[in-house]
Amino acid sequence: MILSTQTDVAGARFGEEKTIRWICESGFDAIDYSMFRMRDDEDYILNTDGYEKYVLELKKLAESYGKTFNQAHAPFPSFKLNDEAYNKKVFPKIKRAVEIAGILGAENIVVHPTDFGKPSEENLELNAEFYNKLQPVCKEFGVKVAVENMFGRDQRRKYIVSNICSEGDEFCRMVDMLDPECFTACIDIGHAGLVGTTAPDLIRSLGHNRLGCLHVHDNNYREDKHLPPYFCDLDWEEITQALADIQYKGDFTFESDNLFRHFPEELMPAAYTFLCAIGRDSIRRIESKLNK
């Protein structure tokens with residue numbers, strides 16, 4: 001099973017080239033390329049005419065270590081209710097992000113669904129309409145768009161609530177409405193623990209055929225902490241057992257970047273090495289359960 005982690009926090013703090021070097025040198029197999037900065041920073045290289053040259057340089061850097069890009073993350077949010085100016089601006093950036101994922105050789109790119117504030121079936125239909133607009137660019141660049149389980153917030157009561165694809169049945173219906181040649185499911189392990197379900201239940205609901213990739217991180221069931229396994233309260237024995245039970249076919253990809261938010265630069269290589277060790281152990285646990 002391929003082990004990877006994303007470039008988000010360290011890339012913003014220290015630069016993407018340095019971050020890719022740390023990821024490669026610490027022992028990860030692959031890199032999940034984060035493109036969140038495309039949303040707001042119009043001067044960011046990925047929003048300029050020089051994006052393709054820049055991306056090819058990053059790919060060449062990873063290849064110099066014998067590593068690949070396996071996954072990517074499009075700008076977020078994908079859509080805002082009643083904000084046509086934002087939606088008009090962000091959709092071309094999402095399309096470019098899919099193209100960039102293809103240039104890098106990534107198999108999957110996560111594009112988040114949207115809660116349109118409608119009943120479940122109408123919500124799913126609106127999301128399917130949105131995703132299907134990405135199908136031509138998926139086919140052109142050989143990338144699958146991954147749908148992720150989300151959570152929302154009750155702004156008056158200040159707590160987390162279910163959202164689009166939070167529950168297994170709805171998530172399965174969403175995936176089944178889309179062409180499996182161009183779309184797949186990404187279970188965000190941390191999000192699952194926030195909404196009253198559990199990650200193992202969601203993993204088993206989607207099963208082997210629907211679940212294509214992961215975002216792996218831990219929390220305390222109350223806050224979206226994005227920390228590594230064992231830093232908080234999720235049950236990692238149960239999570240690894242569920243992945244083994246469905247004979248999960250994808251990669252093990254961390255979205256645990258809050259680990260890197262405050263470390264000084266001198267400690268970043270050690271932090272990545274530590275995260276890599278947790279990932280290797282998690283994969284070992286999954287594979288040992290497969291053999292029972």
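Let me start with what covers the buried residues of helix H2. The cover includes strand S1 (3-6), helix H1 (8-14), strand S2 (30-34), helix H3 (51-64), S3 and helix H11 (268-290). Please keep in mind that this is a predicted model.

Which residues of H2 are buried? H2 covers residues 16-25, and the buried ones are Glu16, Thr19, Ile20, Trp22, Ile23 and Cys24. Just after this helix comes glycine 27, with a positive phi of about 115°.

What does tryptophan 22 touch, once its neighbours within four places in sequence are left aside? The contacts are Phe14, Glu265, Met268, Pro269 and Tyr272. Two of these names come back when we look at rings: Phe14, Trp22, Phe260 and Tyr272 are linked by ring pairs into a cluster. For a distance across the model, take tryptophan 22 and proline 228: they are 206 residues apart along the chain, and their C-alpha atoms are separated by 17 Å.

Now helix H11, which was part of the cover over H2. Serine 282 has its place in this helix. Is serine 282 buried or exposed? It counts as buried, because its relative accessibility is 1%. Not counting residues up to four places away in sequence, serine 282 touches Thr240 and Phe252.

Next, aromatic pairs. A pair of aromatic rings is described by the distance of the centres and the angle of the planes. Searching the whole structure gives 11 such pairs. One of them is formed by phenylalanine 79 and phenylalanine 116, with 5.0 Å from centre to centre and 55° between the planes, and this pair is tilted. Phenylalanine 116, at 13%, counts as buried.

Another pair is phenylalanine 130 with tyrosine 131. The ring centres are 5.4 Å apart and the planes are at 65°, so this pair is edge-to-face; the cut-off for that is over 60 degrees. Both residues count as buried, phenylalanine 130 at 11% relative accessibility and tyrosine 131 at 0%.

Last, the chain as a whole. How many helices and strands does the protein chain have? There are 11 helices and 10 strands. The radius of gyration is 18 Å, close to the 19 Å that the globule rule gives for 292 residues, so the chain is as compact as a globular protein of that length. Along the principal axes, the C-alpha atoms fill a box of roughly 50 × 50 × 40 Å.

Of the 292 residues, 55% count as buried. If we take contacts between residues at least 6 apart in sequence, 75% of them join residues at least 24 apart. The chain exposes about 12800 Å², and 48% of that is supplied by carbon and sulfur atoms. Finally, the charges: there are 35 positive and 49 negative ones, and their mean positions are 2 Å apart.

Definitions and conventions:
Residues are numbered from 1 along each chain as its sequence is written. This is a predicted model: local features need pLDDT of at least 70, side-chain atom pairs count only at pLDDT 80 or more; totals for chains, interfaces and linings use all residues. Side-chain values use heavy atoms; hydrogens and water are left out. Helices (H or I, at least four residues) and strands (E, at least two) are DSSP runs, numbered from the N terminus. The radius of gyration is taken over C-alpha atoms; the globule rule is 2.2 Å times the number of residues to the power 0.38. Buried means under 20% relative accessible area, exposed over 50%, partly exposed in between (1.4 Å probe, protein chains only). Contact means heavy atoms within 4.5 Å. Accessible areas come from the Shrake-Rupley method with a 1.4 Å probe; for residues, only the protein chains shown count as cover. Lys and Arg count as positive and Asp and Glu as negative; His and the chain ends are not counted. The place of a charge is taken as NZ of Lys, CZ of Arg, CG of Asp or CD of Glu. Rings of Phe, Tyr and Trp (its six-membered ring) pair if their centres lie within 6.5 Å; planes under 30 degrees apart count as stacked, over 60 as edge-to-face and the rest as tilted.
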